[in-house]
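Here is a short briefing on one protein chain. Look at the model, then read the points below.

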Amino acid sequence: MASDRRSRSGQAFTEFAIALLAIILLIVATVEFLPVFLDNLGLLKEVREEAGMRSLASESGTPSADRRSEFSFDIPGILPDDSATSGFFAEKLRIAAANLPSGEYVRIPNIAGLQETLRYSNRAGTAEFASGLMALPPEQALSRARGAFTGAGWEAQPIEAYDALIFSLGDSAVAAVHAGYAADGSGLTCLTVVARSAGGEM
């Protein structure tokens, strides 16, 4: 009887030790990987913003933004190989110039709930760029943008990604919308919109 109690007590202690080890490993992995994940999101945001601004500032051609950033993390005793705990993020984005010399005036419609942090229009009014934050998940933010554009007469195109939409205004203008979580870790969604007149010379 006493040996059964000791056996059960030993088994319970062993199970507790295994569970505690698993929890510690989970906490250490989260602490180590979270900065890497946030750095990657920050790099993506910077490249997209830079490419968007260069697109609006350029009168022709295809401006691009290209960034590369190193990351490393360390989980003592688990991943001793340096090649498994370090590497590089790389992001490259090319956007056609938005400042067309001729074309129709374009305007990005107001999107409900979007707190704009930046809005830029070129002098000719043929291109516009807007970026802001929303307290919604990216899918719902895209859905709200779709409603705003279609309500303003834009037509959603079948070319789309899980985090982006394309619209056209007949054959006179095109627009693209991208949604993703903000890199500052606030949990807000960063919505970026570019619209321009179509058909001008590049």
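Of the 202 residues of the protein chain, 34% count as buried; buried means under 20% relative accessible area, exposed over 50%, and partly exposed in between, with a 1.4 Å probe and protein chains only. This is a predicted model: local features need pLDDT of at least 70, side-chain atom pairs count only at pLDDT 80 or more, and totals for chains, interfaces and linings use all residues. Residues are numbered from 1 along each chain as its sequence is written, and side-chain values use heavy atoms, with hydrogens and water left out.

**Overall make-up**

- The protein chain has two helices and eight strands. Helices (H or I, at least four residues) and strands (E, at least two) are DSSP runs, numbered from the N terminus.
- Along the sequence, the order is α-β-β-β-β-α-β-β-β-β.
- Take the contacts between residues at least 6 apart in sequence: 54% of them join residues at least 24 apart. Contact means heavy atoms within 4.5 Å.
- The protein chain exposes about 12,100 Å², and carbon and sulfur atoms supply 57% of that area. Accessible areas come from the Shrake-Rupley method with a 1.4 Å probe; for residues, only the protein chains shown count as cover.

**Helix α2**

- Helix α2 covers residues 138-151, which is 14 residues. The helix reaches 20 Å from its first C-alpha to its last, close to the 20 Å expected at 1.5 Å a residue. The expected span is 1.5 Å times one less than the number of residues.
- Its buried residues are Pro138, Ala141, Leu142, Ala145, Ala148 and Phe149. Seen down the axis of α2, these fall within an arc of 120°, so they line one face of the helix. The arc is that of the directions from the helix axis to the C-beta atoms.
- An α-helix has 3.6 residues a turn, so residues three or four places apart point the same way.
- The face of α2 turned away from the buried side carries exposed Glu139 and Gly151.
- The buried residues of α2 pack against β4 (127-134), β6 (164-169), β7 (173-181) and β8 (189-197).
- Glycine 153 follows α2 and has a positive phi, near 95°.

**Strand β4 and its partners**

- Seven of the eight residues of β4 are buried, so this strand is largely enclosed by the rest of the structure.
- β4 runs antiparallel to β3 (residues 115-121), with six bridges joining them. Two strands pair if DSSP finds at least two bridges between them.
- Tyrosine 120 has phenylalanine 129 in β4 as its bridge partner.
- β3 and β4 make a hairpin with five residues between them. In the turn, glycine 125 has a positive phi of about 75°.
- β4 also runs antiparallel to β8, joined by eight bridges. Here alanine 127 stands opposite arginine 196 in β8.

**Aromatic cluster**

- The structure holds two aromatic pairs. Rings of Phe, Tyr and Trp (its six-membered ring) pair if their centres lie within 6.5 Å; planes under 30 degrees apart count as stacked, over 60 as edge-to-face and the rest as tilted.
- Phenylalanine 149 and tryptophan 154 are edge-to-face, at 5.3 Å centre to centre and 80° between the planes.
- Phenylalanine 149 and phenylalanine 167 have ring centres 4.6 Å apart and planes at 10°, so this pair is stacked. The pair links distant parts of the chain: phenylalanine 149 lies in helix α2 and phenylalanine 167 in strand β6, 18 residues apart.
- Phe149, Trp154 and Phe167 form one aromatic cluster.
- Relative accessible area is 0% for phenylalanine 149, 4% for tryptophan 154 and 0% for phenylalanine 167.
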